[in-house]
Amino acid sequence: MYEQFRCRAEAVGAEVHRFRTNDEALEFILRFLRTEGMANTPGRYAAWADGPFLNGIDKAQLAAENPGLGFEISRQLAADAKIGISEADWAVADTGSLVADQAAVEQRLVSTLPSIHVALIGTGQILADKVAVFEQINPLTSRYIAFITGPSRTADIERVLTIGVHGPKRLVIVCVDALGGIAP
Amino acid sequence: MKKDFKDSIERAVNNANLTGALGKFSEAYKVNRAKAYEGMDFEALRSVIAERKAHAASHLEQMAADFTRNAEALGAKVFQSNDPEKVKEYILKVAREHNVKTVVKSKSMASEEIHLNAYLEKNGIAVGETDLGEWIIQLAGQTPSHMVMPAIHMTKEEVSDLFSKEVDERLSTDIPRLVEVARNELRSKFLAADMGITGANLAVAETGSIVLVTNEGNARLVTTLPKVHVALVGIEKFVEKFSDVAPVLNALPRSATAQLLTSYVSIISGPSQNTDGSQKELHIILMDNRRSEMAADPKFRQALQCIRCGSCLNVCPIFRLVGGHVFGKVYTGGIGTILTAWFDELKQSEEIQGLCIQCGACTEVCPGKIDIPELIMEIRRRLVKEQGLPLIQQAIYSVVNNRRLFHGMLRAASVVGKPLTSGGFLRHLPLFLADLTDKRSLPAIAAKPFRDRFRKIKQPQCKEKAAFYAGCLIDFAYPEMGEALVKILNKAGIEVLFPDEQTCCGAPARYSGAYEVAAGNGVDNIEALLAEEVQYVVSACPTCTVALTHEFIRDFESLGQTDWLPQARNLAAKTVDFSTLVTRLVHEGRLTLQEGEQLGSITYHDSCHLKRTLHVSAQPRELLHKAGYAITEMFECDTCCGMGGSYSMKLPEISGQILQRKLHNIRKTGATMVAMDCPGCVMQIRGGFDQAGGGVQVRHTVELLAEQLHLVR
C-alpha cells in the first residue's frame, strides 16, 4: 500500500519520506526547515498547525530552539511563512492523495499560503482508494474535507504544466509508521 | 447560415494559433485519457454516474428540499431561484449587507451563465477571477472558450502582453515566470477580499455538502480567506448520497484533464471557521434557470447527467478546428450547444447546432452517458417545427420525397455534369457551388445507375434471398460497389433482389431536422424492401444501414406514427451491413478466402455510423486480412473524415479541414491504399486525394473483396 501511495504521489510531483518513529520524523522536519532557510523574518517563517503528532512535545521549547518556527497560527503568520506543516488523517494509495479534516482554519492556512507544505501522515492511515476513504469520513463532523494530491498546478497557458500557482509549490509528505497503525 | 456566423468560422479555421493549440491538445488528450482510465472499467463507472445523476435529475424538488434542510441545519443559508436576475440581486444584497468592496472568485460556469461579474462591477463591486485561465480572459475582456480550459485559445505571447500591462513591467513569455506573476498579483487580492464566490462541482442532498474540484488551489483560498462565501450551484449538480461523490471524482479529473485526481478536492459542509475565529457566512444559491423544465422534458432530461468535464469538446473533430468562441459566450462544444438552447433560448442554438457533424465521438467518452448528437438532432427537429425549413431545403426535400422525380433528376445530372467531368470526378463547380469542390472533387454521376446495371446481372435461383439496399451514392455514383456486392453474395449461394421502388434513406432530411420528410422516405423503403420474402436486407452504406436499423423506428416514434412501427422493426431485424454479413458467411464456411496471398499494406478508415452506431470495426479488418492485406493502422482511424452527408455542403470550410487531417493520417502510414465501408467516406477521401495528390487508392471493402473472388472457394 505504502509503495503504491509513494509511487502515485511522486508521479504528481510530491516528495515522499518514511520514518519509523516520531523522533526520526521530527529530526527530519527540523533539519528540513533549516535547509530551507527558516528564519525569524517575514517570508521565512515556518508555521506548524496543531495535531496528534505534537502531543507530548514541548512546543514552546521547540519554538525557542528553532527561530522562525511558530505554532500559534494566524492569517499573518501563514501569509508570511515559507513553510507550513500540518497533519493529514488519511491517504489514498491509488491516487497518491492526502485527505484531511481541515475544518479548523489553521489547517487550511498552513497548507495553502506557504510555498512549501510539509504534511505528516501515519503510514497505517493509507487506504486503497477513494471509496475506502469515503467510508471513513463523515461530512457532518468533518466540515471541511480536503483532498490534496501533489502541489498546486496549472496548465492554463498553452497547456504547459506549471507547478505552484496559488497553493504550495512543493508538497513534502512525511509518513510515520508510529503515527497510527503499521503499514501493510 | 448567417454571414457573421460563417465569418466567425472562417476566422477560427484560419487562426493558426487556435487550431494549432487545440489540435495538439486533442491529440495528446486521447492518449492521456486512455492512460488515466487504465485498469478501470469506464463503462461500469459511467453507468453508475449516469444512473445516480439521472436519479437526482428526476427528483430535483426532493434533492433541493433535502439539501436545503441539511445545509441549513449545519448553519448555511440556502437561497433557491429559477430566475437569474433574482440570483444576482440576492448576491448583491448579501454583498451590501457585509459592506463588500472586493470579491475573489474561483471558476464558476453558472456565474458565467448569468453574467454575474458584469452585474457586480456595474454595482460598484470589484470582482477578481482567480483561476489563471479565467483571470487571463478577464484581463483580455473575453469569454471562456472551453469550460475546463477557458484560455486555451490564447498564446503565451498574448498572455505576456496582458500581464505586462497589468503589472506595468515588460515581461518575457516564459510560462513559469508568467504563472509566478499571477501568483503574486492575485495573492494580495485573496488576502484583501471581503467575499469569495465559487461554483460547485457537486451538491450532496443527504449531507448538504458542496464539492469543489480544482488544480490551482484558488478555491481553497477563496473559501478560506474572505469572511463571506457565496456558492452558486446549478441544480443539475445534485447527487443524492455522499457515496455518489466518489464515482464522479473517479471520472471528472480523468475525463477533463486526464488526471487521476486534481490537486485539490474540497468537501464543504456548512460554514467553517474564519481566520479571526468567527464563523463564516456561507450562502448557497441553488439556481434553476430552466433546469427543472429540462428535467421534465423526456428527451432532454439526460443532459442533466453532465458533470462538466468537457470531454465532448476534447474529442470533437469540429471543436478542435473552430474552438469555443464560434459556439457562443458561455457553454461551448457539443454539450454547450444543448445548454445554450435551454439556458439561453432555442433560437440561440439555431446556427451552432449546425456545427455538429453527428460523428458520435462524444458519446463514446461522455461520463454521464449523454447522447449528445441525438439531443442536437432533437434541437434541429424542434427548430424546424418552430420555424420551418429554409426554402431551398424545402424545395430539395419535396424532390427527394418524390422518388421518380428525384431519380429522374439524378439521371439528368449525369448528362449535365459531363462537361465538368474528368476521370470520373467533378473537379470544379461553377460560381456559388465552387466551395463544394474547393478541397475535394465530387464523383461524377454514373452514366448508368446500379438499378439499370442490375437488370443485366443474371441471378441464380436460390432458397436464400437478400434484398440489396443500395442507397443513393452506390446507385447513382458508385454502381460498381453494388456489382461487387452482388458477386460476393451470389458466390455464397444467396440470390440478390433489387426492389426498384427503394429510394433515399432519408438521412439528408433527418439530419436537417425534417423528420416528416425522413419518415416519408421510411414508409417508401419499408414497402419496397419488405414486398418480397427475403432473409436479409443488406447495405454497403453504414448511414443507410443505420437508417434501416435505427432511424426509421425513431422517426416514427418521435412523430407518433405507431402504425408503421411493427414493419419498421421487422425491417430492422432483417437488415445487416455488408461486412458483418460476409464475415458471418466466412465463419460459417460458406465463403473461404484463400490464404497465402500477399497483397501489401493497407490502412482502414472506420466510418462513424459503422463504428459507433453499429459497433462494427473488427469485421472488415478480418476480411481484408483474410484476403491477403496487411493492415497498418492510422492515427485516429475512427475520427470522422468530414463528410457527414450534406454537412460537407453546408460547412465545406470545416469539412475540408477535417478531411486534410484524415488525408495526412492516411499518408503517414505509408500504405498505398485505404479501405473503408462507406461510399460517403469514399466520396470524401477519394475526392480529397484527387485534389491533393498523393497516389493513395481509396476503396470500399466490398470492391477489394470482390477482386479476390477468384480465390474464393
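This is a predicted model: local features need pLDDT of at least 70, side-chain atom pairs count only at pLDDT 80 or more; totals for chains, interfaces and linings use all residues.
**View 1. The contact between chain A and chain B.**
In this view, 37 residues of chain A are in contact with 50 residues of chain B. On the chain A side, the elements that give two or more residues are α4 (75-80), α5 (105-112), α6 (130-136), β9 (144-148) and β10 (153-154). The largest share of that side comes from β9(A), with 5 residues. Sorted by class, the side of chain A that touches chain B holds 18 nonpolar, 11 polar and 8 charged residues. Strand β9(A) is also joined by 5 bridges to strand β9 of chain B, residues 264-269. These two strands run antiparallel. A:Ile148 stands opposite B:Tyr264 of β9(B).

**View 2. Helix α1 of chain A and what covers it.**
Helix α1 of chain A spans residues 2-11, and its buried residues are A:Phe5, A:Arg6, A:Arg8 and A:Ala9. The cover over these buried residues includes β1 (15-19), β5 (90-92), β8 (126-127) and β12 (170-176) of chain A. After α1(A) comes A:Gly13, which has a positive phi, near 95°.

**View 3. B:Val233 in the largest nonpolar core.**
The largest nonpolar core has 278 residues. A:Val174 and B:Val233 are the residues with the most contacts inside this core. Setting aside residues up to four places away in sequence, B:Val233 touches B:Ala110, B:Gly199, B:Ala200, B:Ala203, B:Ile210, B:Ile284, B:Ile285, B:Leu286 and B:Met287.

B:Lys280 lies in the loop between β9 and β10 (281-287) of chain B. Is this lysine, B:Lys280, buried or exposed? B:Lys280 is buried, because 23 other C-beta atoms lie within 10 Å, and the cut-off for a buried residue is 20 or more. Apart from neighbours within four places in sequence, B:Lys280 is in contact with B:Lys227, B:His229, B:Pro271, B:Ser272, B:Gln273 and B:Asn274. B:Glu374 is 94 residues from B:Lys280 in sequence, and the two are 45 Å apart in space, C-alpha to C-alpha.

**View 4. The packing of helices α16 and α18 of chain B.**
Two packed helices are described by the angle between their axes and the distance between the axes. Helix α16 (residues 333-344) and helix α18 (residues 372-387) of chain B pack at an angle of about 35°, and their axes are 9 Å apart. The crossing of α16(B) and α18(B) is left-handed. From α16(B), the contact is made by B:Gly334, B:Ile335, B:Thr337, B:Ile338 and B:Ala341. From α18(B), the contact is made by B:Ile372, B:Leu375, B:Ile376 and B:Ile379. The residues of this contact between α16(B) and α18(B) comprise 7 nonpolar, 2 polar and no charged.

B:Gly600 has B:Tyr629 as its bridge partner in β19(B).

How values were computed:
Residues are numbered from 1 along each chain as its sequence is written. Chains are lettered from A and ligands numbered from 1 in the order in which they are written. Two residues are in contact if their C-beta atoms, placed from the backbone, lie within 7 Å. Helices (H or I, at least four residues) and strands (E, at least two) are DSSP runs, numbered from the N terminus. Ala, Val, Leu, Ile, Met, Phe, Trp, Tyr, Cys and Pro count as nonpolar, Asp, Glu, Lys and Arg as charged, and the others, Gly among them, as polar. Two strands pair if DSSP finds at least two bridges between them. A nonpolar core is a set of buried Ala, Val, Leu, Ile, Met, Phe, Trp, Tyr and Cys residues joined through C-beta atoms within 7 Å. A residue is buried if 20 or more other C-beta atoms lie within 10 Å of its own, exposed if 12 or fewer, and partly exposed in between; C-beta atoms are placed from the backbone. Axes are lines fitted to C-alpha atoms, for helices over the stretch in contact, and angles run from 0 to 180 degrees between N-to-C directions. A crossing is left-handed if the near helix is turned anticlockwise from the far one by less than a right angle, and right-handed if clockwise.
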